[in-house]
Amino acid sequence: MNILKLSAAALVASVAFSGAAAARDQIQIAGSSTVLPYASIVAEAFGENTKHPTPVVESGGSGAGRKKLCEGVGENTIDIANSSSRISKADIELCAKNGVTEIQEVRIGYDGIVFASDIKGPKFAFTQADWHKALAAKILKDGKLVDNPNKTWKDVRADLPNQPILAFIPGTKHGTREVFDEKVIIDGCKEDGTYDALLAANNNDKSAASKACGAIRTDGVAVDIDGDYTETLARVDANKNGIGVFGLSFYQNNTDKLQVATMAGIEPSVETIAAGKYPVSRPLYFYVKNAHLDVIPGMQEYVEFFVSDEMAGPNGPLAAYGLVSDPELKKTQEAVKARKPMAPLK
Amino acid sequence: MTDMTVSGASVAMPRTKSLLQLDERTRRRNASEARFRMIGFLAVLIGVFALVFLLGSILSNGLSSFRQTYISLDIFLDPARLDKAGTRDPAELAKITTFSYAPLIEKALADAMAAKGVSGDGVSVKAAAELISKEAPADLRRYVLAHPQAIGTKVNFDLLASGRIDGYYKGRVTMESAELDRNISPAQLQLADKLKAAGILGTHFNWGFFTAPDASDTRPEASGLGVAILGSAYMMIIVLVLSLPLGVASSIYLEEFAPQNRLTDLIEVNIANLAAVPSVVFGILGLAAFINFAGLPQSAPVVGGLVLTLMTLPTIIIATRAALKSVPPSIRDAALGVGASKMQAIFHHVLPLAMPGILTGTIIGLARALGETAPLLLIGMVAFVRDYPAGPPEGFFDPASALPVQVYNWTQRGDPAFIERASGAIIVLLVFLILMNLSAIILRRRYERRW
């Protein structure tokens, strides 16, 4: 049996080779799907302009990326974790337990979170309080806490369009949801006075009041999207009454299908977010495993290249794609050069 | 069953009517048969309709990805920009980044427009240059690094047009949508039309779609399936090389040599069970066994191949055992009767006769493995990979993508041009699957013997 002999030989050969796996020469990155487009733009330019291979960028979520980073030190662990939310104390503890003691925190810029609806529908001008009144489980009505009765945006505020409330918001596994809860729903809750009422109802327990503030109604008006923005867009497309929560860069790539709503009177754009006027934004980070910096060729260069003015500056390709450039980029560049590990979280 | 007993009883009754005249019960039986036929036909119709709809939507979205818009320009490789020292030293040339190449393209486009008498009509030089893909400077740089002697001369390049311009000629972008689009203006589209009339811009077959690697979100027009096809091919090689001998050897042992006892029964049940285990489970196993324990690299075809091997093995074993079983015992008996050993009987007579069945099962198992995404998700193959893996066997350990993974990746991108790419990738994947299944059918038709 010739085929059999041949494949048996190949089997032996492949097993032999697996013992002699060559050292890794490309950087491996994993994490947030929000940071992924930026990271892949940088990786592409890095591969094009240096002698190093293009880094491999994996998505999978901020939390998953940080966990992978903290798996340990060695060539079969990743080098950099992209993250759309700040690393947590638990992550750092996990890292330390697995021998990853020095982590650099690099802030690459800011990401705006925008509210957009179908381009042919009416135009919206929201405040955070509107969103709280539309989506919260319990709201204040005539001085009493009641189950949310609002059915249309007009019920929420008289000068909003008479359109049924339907919101496609990011699912709880997304980093974006945290920001949405914190900067829209809970801020709105404080704005419209529900927070004070909840504080009184919870014996001045602030965390319990915030938690109650952030509870979203469950009668089908708020739809959690566990996929990515393309799914949100498809849902808005299929249901013209829907209002979706998107990242600024995704909206900017689809301005022919979506119209964006203002928040507290401010239209989201790279400029308004950079100036700190638009209220719903968040910093984006990546975390570097310092122990790998001298082991993986080109890793230090990649980190410096990412935060260089050519890439992350206000006129760079990242800003063109929708990243809001960090006004303190200079500081980051210096910190990265010095390989300054992050201070313990408070 | 009830019908039969009733009709059995009716035989005893004297028949009063003519055979040619249908009685009530026959009519009912005929009617129920007609109903069943109709339902069956309807079921097939629904299936066909779903298939036509699926293929229709994929083909209408994806066929356009096989053609691509290019802008042909004569570009002067200015030594003042690319090689200030004039030494043509490769190390010095490599220091010039793609950012320095973009102005050369801008100038070449402006020159070409002036030469052909195309007026910009209020489109600035910078906006005109936006018609060209951001991949173009990289193409140029790669060319210059490979041909340093070309600096100082004019070279003709076929540069990719940007994704929106390409979309305009494919009907995805219209004047109305460009009005609202932040990334392109109607004036730019009009300029593209003029360039087309002047013969600078044209559309032709997109080889890059099959050979180019993936590209980032800002240049969908440059993205291709090169790395994914290579990665899939590597994985299929590994699956074939590992699962065929393992599967065939274990089936021969189980079918021909193993004693019938509790243990072999248990193994048999487990094999049947494994064939039905969801593929994502194999991914978790692969992550634990091959990456965390054995220390194999992430995102590498070798791990993907090993995981898919585990997934394919039960399919191959079941197919092989069925093929071995279908060889009549008389063949074995005859071989044994003329003095062959058991092993000779199996390897000289039974296995060759069972081979078509084994190969068919293997190909179908491979086809299933080719389309598998879920287990690859867990071993880091769903990633942005731009470098081609090296040739085998070293390349098995380099990061690579895979065809179904590339589809999944592209559907998640923000730029709508990636929807076309994803559909195009589905077409490529379907063609591969059809080829594999077709060869399985041909093998079976041509070589399979029935007794």
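## Chain A at a glance

What percentage of the 346 residues in chain A is buried? In this predicted model, the answer is 46%. As for how the chain folds back on itself, take the contacts with a separation of 6 or more: 73% of them are between residues 24 or more positions apart.

## Two domains in chain A

Chain A is assigned two domains. Domain 1 is built from two stretches, 24–110 + 282–337, while domain 2 covers 112–281. Their centres, taken over C-alpha atoms, are 30 Å apart.

Where these domains meet, 17 residues of domain 1 of chain A are in contact with 15 residues of domain 2 of chain A. On the domain 1 side, α15 and β14 (324–325) of chain A are the elements that give two or more residues. That side of domain 1 splits into seven nonpolar, nine polar and one charged residue.

## Chain B and its overall form

Now for the partner. Chain B has 20 helices and four strands. Its radius of gyration is 31 Å, well over the 22 Å that the globule rule gives for 451 residues, so chain B is more spread out than a compact globule. The C-alpha trace spans about 105 × 65 × 40 Å along its principal axes. Buried residues account for 41% of the 451 residues in chain B.

Chain B also comes in two domains, domain 1 (68–206) and domain 2 (226–447). The C-alpha centres of these two lie 45 Å apart. Of the contacts in chain B between residues at least 6 apart in sequence, 78% join residues at least 24 apart.

## Where the chains touch

How many residues of chain A are in contact with chain B? There are 45, and they meet 44 residues of chain B. On the chain A side, the elements that each supply at least two residues are α1 (2–19), α2 (36–49), β2 (56–58), α10 (229–238), α11 (248–253) and α15 (317–321). Sorted by class, this side has 21 nonpolar, 16 polar and eight charged residues.

The two chains share strand pairing too: β2(A) and strand β4 (residues 383–384) of chain B pair in the antiparallel sense over two bridges. In that pairing, A:Val57 stands opposite B:Phe384 in β4(B).

In soluble globular proteins, nonpolar side chains tend to be buried together. Here, the largest nonpolar core has 162 residues, and A:Val42 and B:Leu403 are the ones with the most contacts inside it. Helix α12 (residues 226–257) of chain B gives the largest share of this core, 15 residues. Another core, of 36 residues, lies apart from it and includes B:Tyr70, B:Leu109, B:Leu159 and B:Ala161.

Who are the neighbours of B:Leu403? Leaving aside residues within four places in sequence, B:Leu403 is in contact with B:Leu225, B:Ala228, B:Ile229, B:Ser232, B:Leu370, B:Ala425, B:Val428 and B:Leu429.

## An exposed alanine

B:Ala288 sits in helix α14 (residues 279–293) of chain B. Is this alanine buried or exposed? B:Ala288 has 12 other C-beta atoms within 10 Å, so it counts as exposed, the cut-off being 12 or fewer. B:Ala288 and B:Ile379 are 91 residues apart in sequence, yet 9.4 Å apart in space, C-alpha to C-alpha.

Notes: Residues numbered from 1 in each chain as written. Chains lettered and ligands numbered in written order. Predicted model: local features only at pLDDT ≥ 70, side-chain atom pairs only at ≥ 80, totals over all residues. Rg over C-alpha atoms; globule rule 2.2 N^0.38 Å. Buried ≥ 20, exposed ≤ 12 C-beta atoms within 10 Å, placed from the backbone. Contact = placed C-beta atoms within 7 Å. Core = buried A, V, L, I, M, F, W, Y, C linked by C-beta atoms within 7 Å. Domains from an automatic or database assignment. Nonpolar A, V, L, I, M, F, W, Y, C, P; charged D, E, K, R; others polar. Pairing = 2+ DSSP bridges.
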